[in-house]
Structures are given as C-alpha cells and as structure tokens.
Amino acid sequence: MAQIPTSAIAAAGLVGGYATARWTGRRPLGGVILAAAGTLAAREWHRRTTPTTAALLGAAYVAAFAGSHPLAKKIGPWPAVFTAAAAMATASYAVADRA
C-alpha cells in the first residue's frame, strides 16, 4: 500500500485546521484537525526517522503554527498559513519523505 507523504499530512493539518476554524467559527474544532494531522505525521516521522528527528519535526510543526500568527499580521491570514504549510512540507519532505 502506498504511503502518504508526511509533508502532505503536515501541510494539510495546518491549512485544514485554519480553514475549519475560520469557516465554522469554532477555533477548538480547527485545533482538533491541527492536532490530528500533527499526531499522524509525528507517528510517521517516528517510524521513518530517529526519535530525535521526529521530535525536531514535531517542534517545527508547532513552530509553523505559532509563527503563522504574527506573520498573518504582516501578509494576511491565508498567505501566512500557506507560507507556514509550505515551509513545514519542505522540511518534512527533506527529512522524512525523500529517503
């Protein structure tokens, strides 16, 4: 069975979490999407890489989420979310998916 790239899971979690929160008006629901994707990606990172690398990617996921907030004040919410998702997808691909 083909594996879903962790880069796609992480990016989808960031974009999907924001989209869910924005369109439903329920931030906790967006957080559930964000956390579910992050958990799935972290599980795969742990399986595909070392525990240290998985932890660093997990920290990068949280940093991408947190960093999108101040970035949104400068470039707007959707561009900030897409920038954070692209950065996370790039890191995840380079470290966990490319091998």
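In this predicted model, the crossing of helices α1 and α4 is right-handed. The axes of α1 and α4 come within 6 Å and cross at roughly 160°, an angle over the 145-degree limit, so α1 counts as roughly antiparallel to α4. The contact of α1 with α4 involves 17 nonpolar, three polar and two charged residues.

**Contact of α1 with α4**
- On the α1 side, the residues that meet α4 are Thr6, Ser7, Ala10, Ala11, Leu14, Val15, Tyr18, Ala19, Arg22 and Trp23.

**Helix α1 itself**
- Helix α1 runs over residues 6-24, and its 19 residues should span 27 Å at 1.5 Å a residue, which agrees with the 26 Å that separates its end C-alpha atoms.
- The buried residues of α1 are Thr6, Ser7, Ile9, Ala10, Ala11, Gly13, Leu14, Gly17, Ala19 and Ala21.
- The cover over these buried residues of α1 includes α2 (27-48), α3 (51-75) and α4 (77-97).
- After α1 comes Gly25, and the phi of Gly25 is positive, near 75°.

**Contact of α3 with α4**
- The axes of α3 and α4 come within 7 Å and cross at roughly 160°, which makes α3 roughly antiparallel to α4.
- The crossing of α3 and α4 is right-handed, and the residues of this contact divide into 15 nonpolar, four polar and no charged.
- From α3, the residues that meet α4 are Thr53, Leu57, Ala60, Tyr61, Ala64, Ser68, Leu71, Ala72 and Ile75.
- From α4, the residues that meet α3 are Pro77, Pro79, Ala80, Thr83, Ala84, Met88, Ala91, Ser92, Val95 and Ala96.

**Pro70 in α3**
- Pro70 has its place in helix α3 and counts as partly exposed because its relative accessibility is 46%, a value between the limits of 20% for buried and 50% for exposed.
- Pro70 and Ala21 are 49 residues apart along the chain, and their C-alpha atoms are separated by 17 Å, with Ala21 being one of the buried residues of α1.

Methods:
Residues are numbered from 1 along each chain as its sequence is written. This is a predicted model: local features need pLDDT of at least 70, side-chain atom pairs count only at pLDDT 80 or more; totals for chains, interfaces and linings use all residues. Side-chain values use heavy atoms; hydrogens and water are left out. Helices (H or I, at least four residues) and strands (E, at least two) are DSSP runs, numbered from the N terminus. The expected span of a helix is 1.5 Å times one less than its number of residues. Buried means under 20% relative accessible area, exposed over 50%, partly exposed in between (1.4 Å probe, protein chains only). Contact means heavy atoms within 4.5 Å. Axes are lines fitted to C-alpha atoms, for helices over the stretch in contact, and angles run from 0 to 180 degrees between N-to-C directions. Angles under 35 degrees count as roughly parallel, over 145 as roughly antiparallel, 65 to 115 as roughly perpendicular and the rest as oblique. A crossing is left-handed if the near helix is turned anticlockwise from the far one by less than a right angle, and right-handed if clockwise. Ala, Val, Leu, Ile, Met, Phe, Trp, Tyr, Cys and Pro count as nonpolar, Asp, Glu, Lys and Arg as charged, and the others, Gly among them, as polar.
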